[in-house]
Amino acid sequence: MSIKSIALVAATIAATASVASADSYFELGENLESKSTLDLGLVRAEGAGVVEIYDFATGEIGALLGTEAVNAGANADVRVNVGVRPKQDVIAILKVDGQEVAQRDYDINS
């Protein structure tokens, strides 16, 4: 393989990775009701993965509160059971193949 071919392949892979991660997101706004099951609305994932909810009261990722599996593509009405109603902010992290592809922090409305 020539140097040009290697450079072209590397550029294509980098461009594809950037586009793929743009395909994963949380659609809902920044506010959630304080419930034991958090309703995240539509979650779009570039591949099968998991949504993890963490305590985010101090502005840093804290304890894991709950998880929910998602499929590749659009996942309507994603709900994550977190056990006890959170009283402070939380952060949702979407992981595909163990890699973080999207996150959204939410303000909890008491």
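I take helices (H or I, at least four residues) and strands (E, at least two) as DSSP runs, numbered from the N terminus. The model is a predicted one, in which local features need pLDDT of at least 70 and side-chain atom pairs count only at pLDDT 80 or more, while totals for chains, interfaces and linings use all residues. Residues are numbered from 1 along each chain as its sequence is written, and side-chain values use heavy atoms, with hydrogens and water left out.

Overall make-up. I find one helix and eight strands in the protein, and from the N terminus on I read the elements as α-β-β-β-β-β-β-β-β. Of the 110 residues, 32% count as buried, where buried means under 20% relative accessible area with a 1.4 Å probe and protein chains only.

The sheet. I looked up an open sheet of three strands, which run in the order β1-β3-β6 with antiparallel pairing; two strands pair if DSSP finds at least two bridges between them. β1 (25-26) and β6 (73-81) each have a single partner strand and stand at the edges, so one side of each is left without a neighbour in the sheet. Two bridges join β1 to β3 (residues 37-45) in the antiparallel sense, and I note R44 in β3 as the bridge partner of Y25.

N75. I then turned to N75, which lies in strand β6 and is buried, with a relative accessible area of 10%. Leaving aside residues up to four places away in sequence, I see that N75 touches G41, L42, V43, A45 and V70, contact meaning heavy atoms within 4.5 Å.

How values were computed
Buried < 20%, exposed > 50% of the residue type's maximum accessible area, 1.4 Å probe, protein only.
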